[in-house]
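Here is a short briefing on one protein chain. Look over the sequence and the model first, then read on.

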Amino acid sequence: MMANESAVLLSLVEEFVSGLQDSKAKDTAAGVKNGDFTILQLVEALGLSLTSTQPHTRARGVQLLSQVLQDCYGDLTEREVEVLIVFYENRLKDHYVTTSPVLQGLKTLTKCTTLPPGSAVSILKSLFQDVHVQSLLLADRACVYNMLINVMESREAGKCFVALLNRRQKPKKKCLLFVSTELKSLGADFVFGFVQSMDGERDPRNLLLAFQIAKNIIHKGYNLGKFTEEMFEVTSCYFPIDFNPPPDDPHGISREELIQALRDVLTGTPKFAEFLLPLIIEKLDSDVQNAKLDSLETLTACVSRYEHTDLAGFLDGLWTSLRREVFQTSSERIESAGLAALTAITSCLSRSVLNSDSDDTLGTFLEMVLKDCNHHLCEPDLKLVWPSAKLLQAACSASNRASHIITAAVMPALISQYNSRTECSHRRTLLEVMQRFVQSVKISQSSENEERVLSGVCSSLCCVTFSALSESNSSLQVTAASVLTSLAQQTGLLSNSQTEMAVDHLTRLLLSDEDDKVSLAVVDCAGGLAEVHPTVFITNMIPTIKKVMFSEPMEQDGDFVQHFHPAVRQCCLSMLAAMSTRPSVAKESTPVLLDVLRSAHSGKVGFSTDEAALTCRSLQRIAEQVEDTEESGRCFHEDIIPQLLSLALQAALQGERSSGHHSPLADEVVLSAMVAVIGTACSRLQPTMAGQTAARFVSLFLDGDVSFLPDNSFPSHIKLLANQHQDDSWRQSQMVCLLMGCVCSLPRAVTVPQMERLLSELEDMSCTSSHTLSYTSAAKCFAGLVNKMPQGDSLDNRLDKTTARIFSELNSVASRVRTQAFTLLVWVSKALLLRYHSTCTALTDKLFSLLDDADLGPAAADGFSLLMSDTADVLTRSCHADVRILYRQRFFSENSSKLVQGFNVAPEEKKPNYLKALSNIVNKLPKLVQVTELPALLSLLLEALTCPDWGVQLSTLTCLEPVLADPPPALIQQLEALFNRLLALTSSPAMSVRISSLRCIHALSCFPEHEVLPFRARVLRALAKPLDDKKRLVRKEAVLARSEWFLLGSPGGR
């Protein structure tokens, strides 16, 4: 080192040590990095400081070295690290004021990749010997813990990498491979040193570090030796964790973090079993709910690592505690945790291997459980039935062995009890218990090849279930259907004859019972059964339902009446949908549903419009739930969709040919249900079939190609998209909604043929048709296609033409199609908003300007609700639309200022439109965004509460309610205006407005007492009237709100 460099170094050292200029440490580190001097030369330059008789001077010298090391440790050689370690180890014996910088330096050295062999052990020995950790400051204790983590984790994580380097000409780093082995060579001394270091630690930040070290010691195989109990004691003294962080805690340490860290330690090794299990039993006697819950969850975690021999000596105490917690608890969480712990214990005992020389620990334990619980099952009118059943079911679900033992003891007794009881309530309770046991057995069944647990009692169980289904009590029938569903879910348990009998009972209940709950239970049960046993439903139930659905009316007193109630028909339709989860069943059930639509169209059997719509909804449910296979896709592609199109077209043409029977298939409600069927089916089609379906639809609507339709007796030259002026032309034009259902639901990868021509025709229809459903569906179809079009000139040109046409019609006050152009504007705006297209801004600005329009102003305000809402049939993610995340938030942030400015300059008679638009936009924002953004719009929202439109009032109240839970300062300043408006709305003619206003008034009672107490008398007087409201829900909210306001400021109040 040159003389001038030596002088610079000495100057830096002097200024840091004596001049107390901390910034010189950075300058010194820069010199080391630049190669002006080495780290050992720095140590030499510190000589006078380190040999000073003043402890603080020596401490400053060590501090400088340690701070420089923090920036330069990555460049140290093995020799330099070795010298520095020796230096720091000697300094640990120095005055206590030097301890903190020494520890900082050692911590930095433990991060070096050039740590010499044996140095980690040397550091730890010096640390444990010369430092009393718990006498250090918090930061220094954290430094010690981090040092231990470094030598345990960093080197071990690098062990495999270094082993690779050892084979690639890096022999000097071979030492890292042995760091873990070296630490373990300390044996129990390392554990003892850590125990001494941690003993007495109280700071949560350091406890997290200490628990991490303890976890590493246990999980990485360090020898605990004779200090196993000490290791347990030093960590278990914190169990259960009762730490509650302060509200303003800057460190972000939660109670849950500490609980999980400690649990990982206590449950990490079976060697702790003899100490942990008695501790858990002791803590379960606590009256503190959190302590109980923590103990039960820890018990569940630990037994998953234990062998049955670890539990054997504590089973009596554990069972007594668990039984007490389930029998006597008032907390569902503790009950659930206790049941989970029992399941875990039983599962652990089930892993034991039986032989002639070993005791059957599982059998002994379950015998104890059965002894304490089984007799309660014979008393269905007592409250201990369910706790006992839950305990037995928890044990039963643990393993196949446990299921065999428990069901063999319990199920025959339950069946016998059921047969001997006569009261329906007792029988229902017993059935519910049996159903839970069946479910528990299913959970324990790990393999379908295992012996069926219930095979021995299945016959008796079916007899009981069928008997209950034959009863007249509806609740008993519902429970029996649940039992049957649970039995059916176990593959191979029910025989063919039992399944057929079950289907017969379900069919009888379906056709004879008028109770809605029973019908729903029967439909759900059939769905579960059909998934496992489809053949029986194909051969038995579907033909029966078909026969019932198409039975001819009977003549009675000169009138024709149906055999069955209309509700039975509806249940049959729901049943056909519920059972059709398998393609084989769907292949048989869908023709029946299509026959219903044909009959509704022809009028032969007399199906109503509602029944036709329900039939379409059943088809849509089948399309939704049936297994997505090529067979099911082909069924919809080649059969169902063409049949629906054919029937709809026949209904559309019928109105022009005759004035006789009116086909319900031409009604909007049925067509909308058809759209759902076609949309759901097309969204799931495979690419090839999806492309073929799109081509068929486009050719039908553009060219009148009916060649693919069944029953092809249609006239030639059908023009479904043409602007016809005949009286009944709307019947054909409204079928564009079916086109929308298809082409707007296809995956984006599917190419729609003749796109430009199709868009042009849709635009014409949406701007010229006078039929609401026709021009609305055309606008939606146009929007759905535009949303999926790839970016490029084709899209831009089409949008330019359409925008010009829309603006032209809207700007012409004399235009007769302004409403149609407005509808197209809103839907295209939504399509472009979802995909963040630049043209959207011009369209939405036009929508804002229409708020001042005399004719379209209210509709424009409602249009913002459509922009922000999710729609059902188009422009949704399920339809593969291009929907970007956070589009609502983006629209609000870009346009809220425009709304406020427009409101401020609008004429008084137009202001309600702006208030309604604002309410519609804000109400659709996520709650968190509302809370953040509403203070800036508060004055407008308060103004919206005075708007005469009930919809605006309700929407605004819905926005305000979550904000009142955590009121911003701006709201506190507006309390007078807020109370005036809310109290006036409690007398609104709209019930929903009255309810929402009362909820807001209720929330205001939680504001700071000194702010709202002056309003107490006025609120109590105003709330007297809603107490006598004619609507029960309003009276309920009034009682809740007035009670809180009565307590405000009163002794014993909040």
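K24 counts as buried, at 17% relative accessibility, because the cut-off for buried is under 20%. The model is a predicted one. K24 pairs with D27 in a salt bridge, and their closest N and O atoms are 3.9 Å apart. D27 is partly exposed, at 37% relative accessibility.

**The K24 pair in its helix**
- Both residues belong to helix α2, which covers residues 24-34.
- K24 and D27 are three residues apart there, so about one helical turn separates them.
- The 3.9 Å distance falls inside the salt-bridge limit, because that limit is within 4 Å.

**Other salt bridges**
- The count for the model comes to 45 salt bridges.
- R205 and D203 form one of them, with 3.0 Å from N to O.
- D203 is buried at 12% relative accessibility, whereas R205 is partly exposed at 31%.
- E1037 and R999 form another, with 3.3 Å from N to O.
- E1037 sits in helix α54 (residues 1032-1047) and R999 in helix α51 (residues 991-1004).
- The E1037 and R999 pair therefore ties together parts that are 38 residues apart in sequence.
- E1037 is buried, with a relative accessible area of 11%.
- R999 is partly exposed, with a relative accessible area of 37%.
- Salt bridges also link E756, E763, D764, R798 and R805 into a network.

**Overall build**
- The protein chain has 54 helices and two strands.
- Its radius of gyration is 39 Å, whereas a compact globule of 1054 residues would have one near 31 Å.
- Along the principal axes, the C-alpha atoms fill a box of roughly 120 × 85 × 75 Å.
- Contacts between residues at least 6 apart in sequence were sorted by separation, and 74% of them join residues at least 24 apart.

**Burial, surface and charge**
- Of the 1054 residues in the protein chain, 54% count as buried.
- The protein chain exposes about 45500 Å².
- The protein chain carries 99 positive and 119 negative charges.

**A look at L954**
- L954 lies in helix α48, which runs over residues 950-964.
- L954 is partly exposed, at 28% relative accessibility.
- Leaving aside residues up to four places away in sequence, L954 touches S992, V993 and S996.
- L954 and S512 are 442 residues apart in sequence.
- In space, the C-alpha atoms of L954 and S512 are 44 Å apart.

Conventions
Residues numbered from 1 in each chain as written. Predicted model: local features only at pLDDT ≥ 70, side-chain atom pairs only at ≥ 80, totals over all residues. Heavy atoms only, no water. Helix = DSSP H or I, 4+ residues; strand = E, 2+ residues; numbered from the N terminus. Rg over C-alpha atoms; globule rule 2.2 N^0.38 Å. Buried < 20%, exposed > 50% of the residue type's maximum accessible area, 1.4 Å probe, protein only. Contact = heavy atoms within 4.5 Å. Areas by Shrake-Rupley, 256 points an atom, 1.4 Å probe, with all protein chains shown as cover. Lys, Arg positive; Asp, Glu negative; His and termini not counted. Charge placed at Lys NZ, Arg CZ, Asp CG, Glu CD. Salt bridge = Lys/Arg side-chain N within 4 Å of Asp/Glu carboxyl O.
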